[in-house]
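Good morning, everyone, and thank you for making time for this. Please take a moment with the sequence and the structure before I go through them.

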Amino acid sequence: MVNERLNSANPSFDLKYRRKKNAEEMKHQVITFAMMIFFTLIAFAAVGFDFSKWFIKPVILLLAVVQVIFQLYYFMHMKHKGHNTIALFLFSGLAVGLLTVLTFLTIVWW
Amino acid sequence: MSTYAKKQGFGATLWDYLTTVDHKKIAILYLIAGGVFFVLGGLEAMFIRIQLAIPNNDFVSAGFYNEILTMHGTTMIFLAAMPLVFAMMNAVVPLQIGARDVAFPFLNSLGFWLFFFGGLFLNLSWFMGGAPDAGWTSYASLSLHSPGHGVDFYILGLQISGLGTLIAGINFLATIINMRTPGMTYMRMPLFTWSTFVVSALILFAFPPLTVGLVLLMFDRMFGSNFFDVAAGGNTIIWEHLFWIFGHPEVYILILPAFGIFSEILATFSRKRLFGYSSMVFATVLIGFLGFMVWAHHMFTVGLGPIANAIFAVATMAIAVPTGIKIFNWLLTMWGGSVKFTVPMLYAVAFIPSFTMGGVTGIMNAVAPADYIFHDTYFVVAHFHYVIVGGVVFGLLAGVTFYWPKMFGTMLNETLGKISFWTFLIGFHLTFFIQHFLGLMGMPRRIFTFLDNQGLNTGNMISTVGAFFMAFAVIVLVINIIITSVKNVKVGNDPWGDGRTLEWAISSPPPYYNFKQLPLVRGLDAYWVEKMDGKTEMTPAEPLGDIHMPNSSILPLTTSLGLFVAAFGALYNMDDDKTWTVPVIIIGLLITLGSMLIRSIKDDHGYHIHKEELTDDHDKGVKA
Ligand code: HEM
Ligand SMILES: [Cu+2]
C-alpha cells in the first residue's frame, strides 16, 4: 500500500513522494466522483425522457455496475497493492451468487 | 490469570473452560460436545437398524421412526461431524502455521457457544412435544405440513448453530491469511491447513443460502407467509435449491478436512514427503470451486428438464477428476515409503478403497437417467454412507487418534485402537455394502418398515449386524479414552517420532501461548527440514519479547444463551394460548444485546506475558 513507507529513514524524500502520490490519488477520486454524479444524471435523464424500457433497464444496470467498480477500486482502495486475497474472495462470492441467480432465472422462474 | 494455576478445583476448571478463548481449549470443548452428539446420533442409528432388522417390525412407531431418522441425519451432519471437524481445526491449524492463537479468539469462543446452544435447543425437542420429522433435508412440501413444533426446533436450532459455524469459518480465513509465521508461504502450508482454508471459504459462501432458506421456512411456518406454499402461489422447489446450494458444498466442507488429515497421516507414517504437494493443493481448491456448481444433482428427478440435468450431470462428474488426483497422490505417497501401521495409518489405508467405492457410486448417481432408478432408494443411502463414514468418520477417528497426544499430552492405547479399527471397518462394510443391493432391489429410503417375502430380509439383517459391530468399536474407543485419561502417562513433543509439521516441534499439549518465539519456516514440512539438518528445534524468527494475550470472557456464552432463550419464545409464539412468549423473546434478546453492548463499550486490551516470565520457566514451552 502507498502508506507502507511512512516510517522510512529519509523523511524528506518520503514526504515529497507521498505528497505527489496523494495529489494523484485526490485527482483520481475527484474524477471518479464527477463521473459517478454524471452517471446518476444519465440514469435520471433516461427515465425522465421516457425511453423504451428495453433501453433504460440495461443502461441503468450497466451504469450501476461501473459505479460499483469505481466505488470498490477508487474509493475503497482496491486498486492498491495487497488486495489480491480480498479480490479473490469478492469475485468468488460474486460468481457463486450470480450462478444462483442464473439458475433461478433459467430453471425455476422461466 | 487462571491459566497460570497448575492444580485447580473442579469449579475453577469449569469456569476456565466456560470463559476460555484459547484455541486449544475450545478444540477440547468442540471435541467433547461433538463426541456427545456423535454418540447420541449413533444411538439413533442403532434404533433405526433395530427397527429395520426384521420385516413388519414394531420396535418403534412410524411417527417416532421419522423423528429418529430426521434427528440422526441432522445430528450427525450439523452437531457431530461439523464440530468434530472444528475440534481438529482448532487444535491443529494455529500450531501448523506457527501462530499463537486464531485471529479472533473471542469470536472463536462465540462460534463454539452458538453451535452448542443451537444443538442443545434442537435436541430439547425430544422432551418438548416431539422432534422434527421431515428428514434432515426438511423439504418444504413436507415440513410445512408437519404438525407440532418439531420442525420449528429444526429451523431455530440450525439457525443459531449455523451462525456459530459461519463465525468459525470466517475466523479461520482471517487466521490463515494473516497469522502465518515468517517463512510460512501459502505453498508451504501443510495440507490440513490448506483444506481448512478452502473449507472456511466454502462455509463463508455455503451457509448464507441455508440461512436464507431457514428464514423463509420460518416465515412460512410461523408468520403465515407463502414462499414455499404451492397452493398459495409459492414455489416449493425454491427450498430444495436453497438447501442443496448449501447442502452439496456442505458435504465437501466435511470431506476436505478429512482429506487434509489423511494427507498428514499418510506422509508422516510413510516417512516420505507428500507426493505431488502442489497438485494436491490445486485439487483441493478445484474441488472447492466445483462443489458450488453441482447441487442440482440432488434434484434430477424433480423435473428440471433435460438441459439442466445434463449440465449438472457433467459438472458433477468433473469433480471426480480432482478427487482422483488426490487418490493417486496418496497411493504414490505410500509407494516406496517405509510404512508404519499405527492406528491412524490403518484408518488412512482403509479410507482409500472405502472412499473410492463411495466416489464410484457417486458417479453412478450423477448419470441423470440412471438416477431416476437410484434416487430415494437405499442405493443413495449406501453411497453417502460410504463417503461420509468411509471418508469423514474414518478421517475424524484417525485425526483424533493422531492428534490426541497434541491435545492432551497422552497416547491412546494402540491395541484397543486396533480392536476399534478392525471392528469398525468390518461393521461399516457389513452395514452399508449390502445396502447398494437393497436399493437396487427397490427398497426405498426413509421407510419405517418393509414387508416379508420381498427378498429384503437377509440384507437388512446383515446390515443391522454390521451396525452392532460399529457400536462395539465406538464403545471400545470410549473405554480406550477413559483408560488413557486415568493412566495419564505424559509424552514428549513428537510422540509418533515422525512428525513433519510445526505442531510437533512444541510440547504436548503446547503452553498456552504456543510459541515462545515465532518459528522460522524454511520449507515445506518445516519441522522435518530442521530434523534433516540435525536440529531438534525450530530456528526462532524473532527475539524473545513480551507476548500479547487475550483475556478470558464469559460474554460469548451469555451472548449465545440469550439467543437460546429467545428461541423458546419465538417457537411458542404462534400458539395462541401462550402469553409468556413475547416477554421471553424480549428477555433473551436483552441478554444477547446486553452482552454485545458490554463487549463494545468495555475496553479489553488483553494482557502481556513479560519476557522475564518466559525466560524463567524452562519446562513451560520449548524454545520455538
Ligand atoms: C465423486 C464424488 C461424488 C459424486 C459424483 C456424488 C454424487 C451424488 C449424487 C448424484 C447424489 C444424489 C443421489 C440421489 O439423491 O439420487 C448424491 C447424494 C449424496 N451425496 Fe454424494 N457424491 C460424491 C461425493 C460425496 C461426498 C464426498 C459426500 C460427503 C462427504 C457425499 C454425500 C452425499 C450425501 C449426504 C447425499 C445424499 C443427500 C440426501 O439426499 O440426503 N457425496 N451424491
Ligand atoms: Cu451432492
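This is a predicted model: local features need pLDDT of at least 70, side-chain atom pairs count only at pLDDT 80 or more; totals for chains, interfaces and linings use all residues.

Which of the 23 residues around ligand 1 come nearest? They are Trp136(B), Asp371(B), His375(B), His383(B) and Arg445(B), where a residue is near a molecule if one of its heavy atoms lies within 4 Å of it. Residues are numbered from 1 along each chain as its sequence is written, chains are lettered from A and ligands numbered from 1 in the order in which they are written, and side-chain values use heavy atoms, with hydrogens and water left out.

Let us stay with the ligand. An N or O atom in the side chain of His375(B) is 2.8 Å from an oxygen atom of ligand 1, and a polar side-chain atom of Arg445(B) also lies 2.8 Å from an oxygen atom of the ligand. The shell around the ligand divides into 13 nonpolar, eight polar and two charged residues, where Ala, Val, Leu, Ile, Met, Phe, Trp, Tyr, Cys and Pro count as nonpolar, Asp, Glu, Lys and Arg as charged, and the others, Gly among them, as polar. At least two residues of this shell come from each of α8 (236-270), α11 (343-366) and α13 (378-408) of chain B; helices here are DSSP runs (H or I, at least four residues), numbered from the N terminus.

Next, the contact between the chains, meaning heavy atoms within 4.5 Å. Twelve residues of chain A and 19 residues of chain B take part. The area buried between chain A and chain B, that is, the accessible area (1.4 Å probe) lost on putting them together, summed over both, is about 1,200 Å², and carbon and sulfur atoms give 87% of it. On the side of chain A that touches chain B, there are seven nonpolar, five polar and no charged residues.

Finally, two details of the backbone in chain B. Ser508(B) and Pro509(B) are joined by a cis peptide bond, with omega about -15°, and Pro509(B) has its place in the loop between α15 (457-487) and α16 (526-532). Asn56(B), although not a glycine, has a positive phi of about 50°, and this residue is found in the loop between α2 (23-51) and α3 (62-96).

Definitions and conventions
Buried area is the accessible area (1.4 Å probe) that two parts lose on being put together, summed over both. A polar contact is a pair of N or O atoms within 3.5 Å; within protein, one must be able to donate a hydrogen and the other to accept it, and residues adjacent in sequence count only if both atoms are side-chain atoms.
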